[in-house]
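I opened the notebook to look up how the chains meet and what holds within them. The entries follow in the order I made them.

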Amino acid sequence: MNHSTSHGARTERGRMRAPYSRTARRAMLAASLGLYAGPAALAAQFAQPERPTLRDPLAAFLRDARLEMVPTFGMAAGNTEFALSGILSLQSDLRRDTRWTARMAALAVRSPAHTFAGAEIALAGAHRHGPLQSRLEAAVHAGTGSGASPAFSITAASGAGNVTLQFRSTWLQAAPTRNANHPAAPGGADVADPLNEDPFQSRYDEAELTALHRFGRFEASGNAGLRFGEAGESSPPWAALQLAAPVRGNLDVYVAGGSRPERPEIGQRAGSFVMLGLRLRPARSASLGGIAAPAPLPPPEPFATYRLREDAWVLAIHAPDARLVEIASDFTDWESVPLEAAPGEHGIWRETFVIRPGLHHVAIRIDGGEWRAPPGLPAVSDGFGGEVGLLELR
Amino acid sequence: MLKTMIRSTFGALLALLATAAGTAAQDRLAERLDSTTLRAVEALLDRATADGIAAGPLRNKALEGAGKGAAGPAIVHAVEGLYLRMDAAKRALGGKATPDEQVAGAALLDFGVDTVALATLREAAADRSTTSALVGLAFLVQRGVPASRSVPLVRRMLEARATEADFATFQKLVDEDVRAGLPAAGAADARGRAIIRHGASLRSREQPEA
């Protein structure tokens, strides 16, 4: 979570002139929360393995609530800044490969230049189709402090693996500020406050590419983007990097730096920044108003089955060194069906099948090898020189 | 009059659906097997149906062979072998043996468990299904627990009214123990004793004797 302030907000020597107008505040809030709309969040949408869903949609939605607290401290264009954000997200896997998320966030920013407090409510739907993941999100922003004003944004994102491309349109109730560092702005630091003097469209569109890479305990992410149209003229392209590492338990530390876009709704000006932050996850489900905690995930079993719906079962195989895992059974008419590698779960391959309750013969094949019984099942001769497993589902 | 018409229509619809399902299955066989193999397999299916043996598993065995690229004669041989074992299992388990019981019993016969053992388990289960118990027994035998030791254990579990869920839990825990390096026979004894002693609420994780 990065929050920046800029000397550019000082429009007159020694005095701040609407340094972070309502649009500026919104830009900061959106930028802060935009980090969570990046690849980490998108990949994390499907990082959790599928679980049996509950019949009650509301219960299913409340089943997995998460709370994150993110304090940050840093420097941006010569100003120090401290920010604190809290994010509560609720998600539900009502259907296979589809996840709905509701997010409520609060943000407080304090720097020598300004003080701001804002909030956001967002609703997002994410869908996985094969190797691709897509997400659509609508968010409403509001804030208090100088210049706070409501804003509304729509984000469409799509990605594969840990790379995501997203497009966002943001509508602002108040006119955005113009970047005082804009080359067309006369006078540099002495230029008059453009707010309300040079208002332009109350909307901006942008595209941003984000990527995530994990190596060992560390997680590196980067983002780069640009604005379109007239808004693009006032905001140069940007790029930033972030490196995160776990400290202990639910505490991560991260450092970020690069350049930032201008986000009128939270007053973020284009410029360079360096930030140090912590990510705390103090609570999950059980401590949030009595919402039932999901059972902790067991270590991967070589072969596992669990019911998704009335007649739908997920079959999962742990084969970390495999490139291709296939399954054949009477419920596939003995046609080989490739399993999908579960995103975010190394070595887990799974697929959902419609299977009648009862006894079934099942065989798996790894990397085109011999058909054999799944581990853990009684293996019987198939009559063709190989073996099949006996699987009973009730 | 109206009720009769409704019943007739309903019955016709059911028959149509059953025919369609059977036709679909036959179509899949016809697509996958050559004509010679198809005729031989269909003859076996007719024979099985006449003898009260479930045709579905036999049909699936033929599809399995086709899916695995087996030659026609091998497919016919495998289907016939399964039919004979299912027939023997049905005789041992009683005339009311379900298709799943026939299949599970056939698997045990293939492991070398005799029909007397099947009959013993049928008697211990009384009027309950023996499928889960047979699958559990197959699991033990396939992991090297002798039938002389595993059949009495499963019988005692059935007499203690162990449920399908109990047998599933039993199989899972024994598998975990074996993967952890414990001998299968000891793990089976410990887990089986726990189920017999505590019933459905399997709380203790007794360490099996080495």
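I looked for salt bridges across the interface of chain B and chain A, taking a side-chain nitrogen of Lys or Arg within 4 Å of a carboxyl oxygen of Asp or Glu, and the rule finds five. One that I noted joins the side chains of Asp333(A) and Arg28(B), at 3.0 Å from N to O. This is a predicted model, in which local features need pLDDT of at least 70 and side-chain atom pairs count only at pLDDT 80 or more, while totals for chains, interfaces and linings use all residues. Residues are numbered from 1 along each chain as its sequence is written, chains are lettered from A and ligands numbered from 1 in the order in which they are written, and side-chain values use heavy atoms, with hydrogens and water left out.

I then counted polar contacts (N or O atoms within 3.5 Å; within protein, one able to donate a hydrogen and the other to accept it, residues adjacent in sequence counting only if both atoms are side-chain atoms). Between chain B and chain A there are nine residue pairs, both residues at pLDDT 80 or more. On the side of chain B that touches chain A, the elements giving two or more residues include helix 1 (2-32), helix 3 (55-67) and helix 5 (99-111) of chain B; helices here are DSSP runs of H or I, at least four residues, and strands are runs of E, at least two, numbered from the N terminus.

For the extent of the interface, I find 31 residues of chain B in contact (heavy atoms within 4.5 Å) with 26 residues of chain A. The area buried between the two chains (accessible area, 1.4 Å probe, lost on being put together, summed over both) is about 2,300 Å², and carbon and sulfur atoms give 58% of that. Glu64(B), Lys68(B) and Asp100(B) supply 22% of the area that chain B buries against chain A, more than any other three residues.

Glu206(A) forms one with Arg168(A), the closest N and O atoms being 2.9 Å apart. Glu206(A) is in strand 8 (residues 203-215) and Arg168(A) in strand 7 (residues 163-172) of chain A, 38 residues apart.

Last, I checked confidence in chain A. Its mean pLDDT (the predictor's confidence in each residue, from 0 to 100) is 72, and 62% of its residues reach 70 or more. Residues 1-18 of chain A stay under 50, with 79 contacts beyond four places in sequence in the model.
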